[in-house]
Amino acid sequence: MNVIPEEYLLSGGGTSINALPKVSLHDHLDGGLRPQTIIELADSIGLDLPATDAAQLGSWFENQSNSGSLVEYLKTFDITTAVMQTHEGLSRVAREFVEDLGRDGVIYGEIRWAPEQHLGRGLTLDEAVEAVQEGIEAGIDDVAQSGSSIRIGQLVTAMRHANRGLEIAELAVRHRDDGVAGFDIAGAELGFPARNHLAAFDYLAKEFLPVTVHAGEADGPGSIRGALFDGRALRLGHGVRLAEDITIEREDDDNTYVTLGPVAQWVRDREIALELSPSSNLQTGAIAAWGDDLLDHPFDLLYQLGFRVTVNTDNRLMSNTSLTQELALLSDAFGYDLDDLETFQLNAAAASFQPLEDREELADAIIAGFQEA
Ligand SMILES: [Zn+2]
């Protein structure tokens, strides 16, 4: 079993979303394993699993993630990280991850993961990054063999609740010429402000390594303010609760009249990209203030107001999704057409942590691909 879905057609036009060139900015390495790979790697290290059939294990991940309990949700990562503690495990997972992105029509992907969580069987931080990079490069070759092409950047993540931020920032900078495109912090957001990792962010700013920060997922605009002010984030991991800084004054048949608070105003005017992940945002309760259905997601409000929205998967295994599927879900919910989907990809290309000329090449490839569709 793998999580690449069947063909998705854009409602109305019949265009295949699978084939459209796409950019994926927020996709966790330890959230995108193939169930069969987990079974094989677990077997090789003697780890017991809740199911030993790939389809059943895939369903278990999805059910745990839909349980509404954060404790149950986090158990899924205990299993995925457990099988990613060796060079072989990390490298294989990274390789297959890139292959799966390629089959999803992704032409550029940023893959984030936290090296500090992969040291349980003796790897050093640097060895872990090298193992992932080796897998990524093999995956890029596999995608090329299949007749497509893909580019990948690693985002090295530090865990918010731990205190290794500076060490991880230095690790990211050490590998910037060898696959690392940027830095991220992840994990428990509420109670663990970006400011706790100020030394890391100061260092990254001096070294000019791009930063994205998970913020506005499990905490509100105050956390986003910290990501921008202390983290100097160029993008926001989800950032969905930025919508709490937008006041809807009144609505009539055609228009919604709003007032932007200072954080929302800054994020929109500076074109700081929001790494929105529709299915994940529903599962984690990030949009609970607005409802529990995709139609309640402030994605469309943010898009219509001119925010630089991007569409992401977050954890493909836990949400049993793909970038194609997320775009199809949004299109069904909000009636988006090909032009809207193209805008989301161009937003993501513009916000990627690559040099300007590479971002322009990505944009050209997206425009050409959408013209052919
Ligand atoms: Zn995430």
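Reader: Which residue forms a salt bridge with Arg-164?

Author: Glu-167 does, with the closest N and O atoms 3.0 Å apart. A salt bridge here is a side-chain nitrogen of Lys or Arg within 4 Å of a carboxyl oxygen of Asp or Glu. This is a predicted model: local features need pLDDT of at least 70, side-chain atom pairs count only at pLDDT 80 or more, and totals for chains, interfaces and linings use all residues. Residues are numbered from 1 along each chain as its sequence is written, and side-chain values use heavy atoms, leaving out hydrogens and water.

Reader: How many salt bridges in the whole structure?

Author: The search finds 23. One of them joins Glu-40 and Arg-92 at 2.9 Å, N to O. Glu-40 sits in helix H1 and Arg-92 in helix H4, so the pair ties together parts 52 residues apart in sequence. Helices are DSSP runs (H or I, at least four residues), and strands are runs of E, at least two, all numbered from the N terminus.

Reader: Switching to the metal. Which residues are the protein donors of the zinc ion?

Author: His-26 (NE2), His-28 (NE2), His-214 (NE2) and Asp-314 (OD), 2.1 to 2.4 Å from it. Donors are N, O and S atoms within 2.8 Å of the metal (3.2 Å for Na, K and Ca); water is not among the atoms, so sites may look incomplete.

Reader: Is His-26 buried or exposed?

Author: His-26 is buried, at 0% relative accessible area. Asp-314 is buried too, at 3%. Buried means under 20%, exposed over 50%, partly exposed in between (1.4 Å probe, protein chains only).
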